[in-house]
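Let's take a walk through this structure together, one neighbourhood at a time. Please have the sequence and the 3D view at hand.

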Amino acid sequence: MFGQLEHELELHVPASEAWDLFGTLQIGKLVEKEMPELFQKVELTEGDGGVGTVLKLTFTPGIPGPASYKEKFTKIDNEKRIKETEVVEGGYLELGFTLFRVRFEVIEKGEDSSIIKSTIEYEVKEEDKANASFVSIQPVANIVEVAKNDLNRNKAAKVAN
């Protein structure tokens, strides 16, 4: 069974600025710092932020779904501003998923605005299809909201200086 969920949010910063956050390891550092209710730890286990980088995400105890998993950066397109990660160990794979991919795409809207389009794609074995109910776009939407707030704070600080 294949599924896909999407979320879009307008950001009031240029696409290049949003990409500096989403296209790098900075987004992981930000969510670990700003979202302790969801992430207990985000640790770099392999790589330098490019394709092939592996992060271990450990969720705060009590969060529905997997306790932790490792995700690998499988695509980083700096020109199109697309970053994709896939779960490569634990988490959803232990629940019968054969694919769990998150994609962030930063789309230029204007000189000082952009859109972040977040997509979750997943495939789950037929016998485990009830576990598809664990998939939610909400945590990804929350990450994007935290990123938006951070980008706005940084923009305000630049204007003030």
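Does Phe-22 count as buried or exposed? At 0% relative accessibility, Phe-22 counts as buried; the word means under 20% relative accessible area, while exposed means over 50% and partly exposed lies in between (1.4 Å probe, protein chains only). Before going further, please note that this is a predicted model, in which local features need pLDDT of at least 70, side-chain atom pairs count only at pLDDT 80 or more, and totals for chains, interfaces and linings use all residues. Residues are numbered from 1 along each chain as its sequence is written, and side-chain values use heavy atoms, with hydrogens and water left out.

Let's stay with aromatic rings. They pair if the ring centres of Phe, Tyr and Trp (its six-membered ring) lie within 6.5 Å; planes under 30 degrees apart count as stacked, over 60 as edge-to-face and the rest as tilted. Searching the whole structure gives eight aromatic pairs. Helices (H or I, at least four residues) and strands (E, at least two) are DSSP runs, numbered from the N terminus. Phe-104 is buried too, with a relative accessible area of 11%. Tyr-92 and Phe-100 make a stacked pair, 3.9 Å centre to centre and 5° between the planes, and both of these residues are buried.

Next comes the nonpolar core, a set of buried Ala, Val, Leu, Ile, Met, Phe, Trp, Tyr and Cys residues joined through side-chain atoms within 4.5 Å. The largest one has 42 residues, and those with the most contacts inside it include Phe-22, Phe-100 and Ile-120. Its largest share, six residues, comes from helix α3 (residues 138-160). Ile-120 touches, among others, Leu-5, Phe-100, Val-102 and Val-140 (contact means heavy atoms within 4.5 Å), not counting residues up to four places away in sequence.

Now for the strands, which pair if DSSP finds at least two bridges between them. β4 and β5 form a hairpin with four residues between them, and Arg-81 in the turn has a positive phi of about 55°.

Arg-81 leads us to the charged side chains. A salt bridge is a side-chain nitrogen of Lys or Arg within 4 Å of a carboxyl oxygen of Asp or Glu, and the count comes to twelve. Arg-81 meets Glu-108 in one of them (3.6 Å, N to O). Glu-108 lies in strand β6 (residues 97-110) and Arg-81 in the loop between β4 (68-77) and β5 (82-90), so the pair ties together parts that are 27 residues apart in sequence. Glu-108 is exposed, at 53% relative accessible area, whereas Arg-81 is buried, at 18%. Another salt bridge joins Glu-84 and Arg-103 (2.6 Å, N to O), linking strand β5 to strand β6 across 19 residues. Both Glu-84 and Arg-103 are buried.
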